[in-house]
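Please take a moment to look over the sequence and the 3D structure shown here.

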Amino acid sequence: MSSPLFLGFDLSTQQLKAIVIAEDASIVHESAVHFDRDLPAYGTTNGAIKGPDEGEVTSPVRMWLEAIDLVMQRVKSAGVDLGAIAGISGAGQQHGSVYWSEEAEETLVAMDPKRSLADPGHLAPRAFAFPNAPIWQDSSTTKDCRDLEAAIGGPQALADLTGSRAYERFTGPQIARIRRLKPAAYRASARISLVSSFIPSLFLGYIAPIEVSDASGMNLMNVLTCKWDDALLQACGGSELRAKLGPEPVLGGTVLGHISRWWVERWGFSPECIIAPFTGDNSATVVALSSPGDALLSLGTSTTLLLSIPPAATPPARFTTSHLLSHPTTLDAQIAMLCYKNGALAREQIRDRCAGADWAQFNTLVEQSPPGNSGFMGFYFCLPEIIPPGVEGEFIFQCKDNNEEPVLLLGVQPDATQHARAILESQFLSIKSRIAAILPAHSPPLQRLIVTGGSSANQTVRQLAADVFGMRVYIAESKEAAGTGGAVLAKFAWWKAQVGGPNGSFEEMMVETGEVERMRLVATPKGRMSEVYEGLVDNYRRCEERVVQLCQA
């Protein structure tokens, strides 16, 4: 009998990836389908279609079906033994929603193994009330966001209840907009899935429940009880929304059922292959790369911090500028998320201005200025920021010490070395200033900082992160974190069913199955640098408050 394999999918905005792992989590195979390049007939740009309404952004559901057909063909053509796949899970882009028709369930049950998923008339259009799915880039729901916040008692009340204030991309406001503008189509939607519950529905042959961590991105679930909230459901979709969403959200790493006959007969999967809940892409990345007590910092186009918070007597604080998600594998654990729009773009603008677009020269400039930057603190918002909300522009301050008010510099500019260090220090201090407020009281100190994204390859950036956060910095060997996390979730469900039992923990599975940790230590805090940056947090907060006041004025 061959060793078990586990299949993870990552349906992101621009592509679908399939990752096959072995029992020790080593990657056996990777395949991908790029929507624009491989499926040009759908007319997408970066996987999406804009319009027709202002701010509206969707993706064709049939394109996703064809992508699954194509990626499965590539996996099989590469020689992967699909009969050895013991479990399937994955990740979907957060917030996106798929609207099933009244005929969906019977259509899924009756899938014909002689026909592909995307074969016209097989699933689409019959199974769907809408041909396109609203995705996370959609910003057409501002009115619905404000209406939801007003119904619940304001942005902070909504954040306390759901983990986030109302955001245009969140699924609850998306549903509210469809109900408001397209009432007939809303009534025709028998069930509503997230992208992450749409894919396992295809494998099960019936509509899968929504998973708790991805449900945290809907503004519809109580983030502490992990149950749908009646007031939120009523505000967004009326009394019928509960039935459209289906059962209460389910924890990751559980067995939803076995793979349907269509997959066994068409592709040669074992009928014993289990299907586990899929989660959101950020949550799957946490599963792949970190453990409770770790911080995960993505230094890509945006800058995103993910904190894996173990269960505690006191829940983490919720804010209108951050997100709190339920953890995909551990009941009563959470993931805190901070997301900044001005990430790589702002860093690159300072690099281009001060170092002739050369990273090596930029690094030299950073290292020529001392930690704390001789009191210069810079804020660089080339795009309207999320944290703090709405600020835009460039602001330079001179800070003396914590007892004096920082001075906004209007005429005098710091030199290139100070600009270079300031962009990194201010981005990291913004995160540092918020971590302590999010973590529950008496939380143990964070252990590791795992960095990903383009700037994680820069050793100067890594070292500065180690110094500012006072943590050892690691990088992951695999770049396919979300898909790998999906495959690991499949393995977790299989392990619990085979060995660990319903109460088996994710950490126990990692030890018992000999899972290899593929992390490399790349930086450790230098000397007393962390104390220097600890002392700068109050000044940073004062400067940020001034920036917010200036932008409001």
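This is a predicted model: local features need pLDDT of at least 70, side-chain atom pairs count only at pLDDT 80 or more; totals for chains, interfaces and linings use all residues.

Residues are numbered from 1 along each chain as its sequence is written, and side-chain values use heavy atoms, with hydrogens and water left out.

The protein chain holds 21 helices and 24 strands, where helices (H or I, at least four residues) and strands (E, at least two) are DSSP runs numbered from the N terminus. The radius of gyration, taken over C-alpha atoms, is 24 Å, close to the 24 Å that the globule rule (2.2 Å times the number of residues to the power 0.38) gives for 553 residues, so the chain is as compact as a globular protein of that length. Of the 553 residues, 59% are buried, which here stands for under 20% relative accessible area with a 1.4 Å probe, counting protein chains only.

Two packed helices are described by the angle between their axes and the distance between the axes. Helix H14 (residues 344-355) packs against helix H15 (residues 359-368) at an angle of about 85°, with the axes 9 Å apart; the axes are lines fitted to C-alpha atoms over the stretch in contact, and angles run from 0 to 180 degrees between N-to-C directions. H14 and H15 are therefore roughly perpendicular (65 to 115 degrees) to each other. Their contact, meaning heavy atoms within 4.5 Å, involves Arg347, Glu348, Ile350, Arg351, Cys354 and Ala355 of H14 together with Trp359, Gln361, Phe362 and Leu365 of H15.

Terms used:
Angles under 35 degrees count as roughly parallel, over 145 as roughly antiparallel, 65 to 115 as roughly perpendicular and the rest as oblique. Buried means under 20% relative accessible area, exposed over 50%, partly exposed in between (1.4 Å probe, protein chains only).
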